[in-house]
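Dear colleague,

Here is the structure I said I would pass on. My notes on it follow below.

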Amino acid sequence: MEKSTPRGTRTGFTTGACSAAAARAAVLGIVSGEVPTEIESLLPNGNRVRFAVQEGRCDEHSAHAVVVKFAGDDPDCTDGAHLTVDVRLLPDQPGTVVYCAGTGVGTVTMPGLGLEVGGPAINPVPRKNILDNLREAAPGLLAEQGLEVTISVPGGEQMAKKTTNARLGILGGISILGTTGIVKPYSTAAWRASVVQGVRVAATLGHGMVALTTGGRTESFAMAELRREQPGLPAACFIQMGDFLRYALDEVVAQGIPLVVLGVMVGKLTKMAQGETITHANRAEVDTDLVARIARQVGANEADCQAIAQAETARFGAELMVERGLGEPFHRALAQSAINTLTASGRYGNAFQLRVLVCDFSGNKVADVLCAPAASTLDT
């Protein structure tokens, strides 16, 4: 007897893969007169997977099919979503495939996503995957006629409220996504891709800046600070990069954004000063010796520096420095150290100016440091 896959490790399928399977089933319904109850579909990664098909119905000119998304053990808000595809013949457009957003699928309203403004939020890889499945399933039909593929997701508008779609200008529902067709549990790839996508959108807004934050608390802090200076600064200028500083900054360089604001707290800031641009806790430990050196630099006594070096967290050192009345110079020096490390790495050169906004665990500002890379340093 085969062992079942342990919970917590089960993979699932993307909205794009489910949509492609439903589209394949629907077009087979037009060709054969019956929508199958199960379909083998091609994934973007080249694998083939069988999907159950629900609500199949068809006539000579159109067909309807539904595939229910299984996200495995990933905490995905679209788990259980009914990816619904309606395919309609376009007699006068042989070989053409037109994609439409039905109820619950978003519409693109801002540039920067690699999709047409006003068009459906169906990403390029899912579009190609759908097309590949249609061509395999009905090559003769496509040679003679075109197809309109409308994707709907009942409840998609509510699901989208749990995503960053509205901030990216995708309104009215979820996006149809996926690069491999497979969803891995707690997928870092999905988050990383959303960070890169967010930077691309920010680049189109004309503000010449992007604010990268490590989470909700630092984002709220950075928004409050920057909107005091620039009222009305759009939410799309703010991106929760999590641990993916490297990917965010690489895309900043690619897009030519001149100013980067980092909204951080002491733990991630210390990782950046260490030269870690993937700042997840599992990647590297916080270097408390570095924290101690910064404390010594701003006048901490040796006993405190020893205690900081032996501590498990950077937070211990930061709070001790606040207690000793050295909180402001300590946080400024640590922010400057992070700037120096990032700009001296050779990866980014003089591509952008860097500003570091630091808050404590209560969301209070403790440092604000601005530097022109590889040029004169200016503390604010």
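Three residue pairs are in polar contact across the interface of domain 1 and domain 2, counting pairs with both residues at pLDDT 80 or more. On the side of domain 1 that touches domain 2, four residues are nonpolar, two are polar and one is charged. Please keep in mind that this is a predicted model.

The division puts residues 12-183 in domain 1 and residues 188-370 in domain 2. Their centres, taken over C-alpha atoms, lie 39 Å apart. Contact involves seven residues of domain 1 and 11 residues of domain 2. The area buried between the domains is about 770 Å², with 61% of it on carbon and sulfur atoms. Of the area that domain 1 buries against domain 2, 61% comes from Gly112, Arg167 and Leu168, more than from any other three residues.

The count of salt bridges between the domains is one. Arg167 also forms a salt bridge with Glu219, where the closest N and O atoms are 2.5 Å apart.

**Helix α8**

Helix α8 covers residues 266-274, and its buried residues are Val266, Leu269, Thr270, Lys271, Met272 and Ala273. Just after α8, Gly275 has a positive phi of about 95°.

Regards

Definitions and conventions. Residues numbered from 1 in each chain as written. Predicted model: local features only at pLDDT ≥ 70, side-chain atom pairs only at ≥ 80, totals over all residues. Heavy atoms only, no water. Domains from an automatic or database assignment. Contact = heavy atoms within 4.5 Å. Buried area = accessible area lost by both parts, 1.4 Å probe. Salt bridge = Lys/Arg side-chain N within 4 Å of Asp/Glu carboxyl O. Polar contact = N/O pair within 3.5 Å; in protein donor to acceptor, adjacent residues only side chain to side chain. Nonpolar A, V, L, I, M, F, W, Y, C, P; charged D, E, K, R; others polar. Buried < 20%, exposed > 50% of the residue type's maximum accessible area, 1.4 Å probe, protein only. Helix = DSSP H or I, 4+ residues; strand = E, 2+ residues; numbered from the N terminus.
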